[in-house]
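Here are my notes on this model. Please read them with the structure open.

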Amino acid sequence: MSSIPDFCGAIGNTPLIRLNRLSELTGCEILGKAEFLNPGGSVKDRAALGIVENAERKGLLNPGGAIVEGTAGNTGIGLALVGNAKGYRSIIIIPDSQAPEKMELLRNMGAEVRPVPPAPYSEPGNYNHIAKQVAEETENAFWANQFDNTANADFHFNTTGPEIWDQTDGGVSAFVTAVGTGGTLAGVSRYLKSRKSGIKTVCVDPFGASMWSWFKHGHLDFDDGDSIAEGIGQGRVTDNVAKAEIDDAFRVHDRHMMFILKHLTEREGLFLGPSSGINVGGAVKVALDGGPGQVIVTILCDTAQKYMSRLFDPEWLAENELPPENLPVESMIEEMKSDL
Ligand code: PMP
């Protein structure tokens with residue numbers, strides 16, 4: 001008999017998928033780590049499991065207890081499901097600007113969902129601060145604190161990083177991903193650097209975030225523009241971001257992200273969400289910048305399913321100034337070359 005003990009055992013060990021057309025066009029191997037195949041449907045299952053197991057080891061989470069978290073969605077899904085499998089309830093504080101599908105999903109999974117109006121991190125009404133407060137006021141509750149709890153990055157150091165190293169037989173030459181909490185970027189970059197310091201580690205940002213500014217210029221001042229990508233787009237140096245070892249950074253326009261998502265669906269059979277489009281855009285930029293022959297790994301974070309009411313609504317797209325036209329990736333690559 002071959003089985004795994006429970007839901008948690010199915011997290012990780014995701015395949016690495018070659019993005020064929022983009023690889024051919026750039027002369028690099030562009031490989032996507034299929035994190036959307038995790039049992040909760042996203043890369044955040046890893047952070048959820050890492051944080052919960054760490055809290056259990058430290059005695060911070062007790063039987064029948066509650067996991068409280070401020071989350072844009074995917075971490076909440078991971079925490080709710082890991083919690084269900086381990087016997088904890090979950091209370092999720094979510095900005096009400098997030099896609100409605102995510103809130104419905106969380107409720108149907110048994111989480112208690114508390115939507116709050118979006119507020120900047122500097123204000124007490126920010127969902128992250130509210131989560132901390134709710135945990136303090138709730139009996140037998142633990143605040144997951146995904147942004148500054150480095151059990152998040154540690155789990156990627158111990159799992160995602162080694163998997164990428166093994167799956168490429170140590171041949172990976174560059175790794176690129178965007179930042180939400182920074183757990184993925186920090187854990188994987190540190191692990192790969194520990195194996196071979198010459199591996200190029202790269203942050204890719206949507207416009208409106210300031211991680212590009214941080215890694216490229218050492219300050220957070222460039223946060224111009226805007227992006228529809230949910231789950232990424234960080235404006236401060238979280239404790240997880242602080243653990244990253246990064247060589248370079250790029251920015252990708254939402255317009256290009258949309259062309260990439262369409263291309264990946266139609267040519268590769270990969271139906272992915274916005275952050276995956278930014279990540280693959282980052283991989284293309286790394287390919288164009290460093291030239292042919294590189295083995296570039298990025299993260300395919302989740303599928304488009306949770307964002308369908310937005311990504312496929314012409315009115316919503318028009319409101320967000322996203323073009324209805326399609327640009328073949330060949331032409332998009334030419335455009336990307338000119339804004340390197
Ligand atoms: N993509 C999506 C869809 C996410 O939900 C997140 C996490 N918020 C990320 C990417 C970024 O991952 P990390 O938190 O490890 O930086």
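Two strands pair if DSSP finds at least two bridges between them. Helices (H or I, at least four residues) and strands (E, at least two) are DSSP runs, numbered from the N terminus.

1. Basis. This is a predicted model: local features need pLDDT of at least 70, side-chain atom pairs count only at pLDDT 80 or more, and totals for chains, interfaces and linings use all residues. Residues are numbered from 1 along each chain as its sequence is written, and side-chain values use heavy atoms, with hydrogens and water left out.

2. The sheet. Four strands form an open sheet in the order S5-S4-S3-S6, with parallel pairing. Its edge strands are S5 (112-116) and S6 (141-143), and each pairs on one side only. Neighbouring strands are turned by 20° against each other on average, direction ignored. Axes here are lines fitted to C-alpha atoms, for helices over the stretch in contact, and angles run from 0 to 180 degrees between N-to-C directions.

3. Strand S4. S3 (residues 66-70) pairs with S4 in the parallel sense over 5 bridges. Gly-70 has Ile-93 of S4 as its bridge partner. S4 and S5 also pair in the parallel sense, over 5 bridges. Pro-95 is bridged to Val-116 in S5.

4. Helix H5. Residues 127-137 form H5, which lies across S3, S4, S5 and S6. H5 runs at about 160° to S3.

5. Helix H6. Which residues of H6 (residues 151-158) are buried? They are Ala-151, Asn-152, Ala-153, Phe-155 and His-156. Their cover includes H2 (44-57), H7 (160-167) and H8 (183-195). Contact means heavy atoms within 4.5 Å.

6. H2 against H6. The two axes come within 8 Å and cross at roughly 115°. H2 is therefore roughly perpendicular to H6 (65 to 115 degrees; under 35 is roughly parallel, over 145 roughly antiparallel, the rest oblique).

7. The H2-H6 contact. H6 contributes Ala-151, Asn-152, Phe-155 and His-156. Residues from H2 include Lys-44, Arg-46, Leu-49 and Glu-53. By class, the contact has 5 nonpolar, 4 polar and 3 charged residues. Ala, Val, Leu, Ile, Met, Phe, Trp, Tyr, Cys and Pro count as nonpolar, Asp, Glu, Lys and Arg as charged, and the others, Gly among them, as polar.

Methods: Buried < 20%, exposed > 50% of the residue type's maximum accessible area, 1.4 Å probe, protein only.
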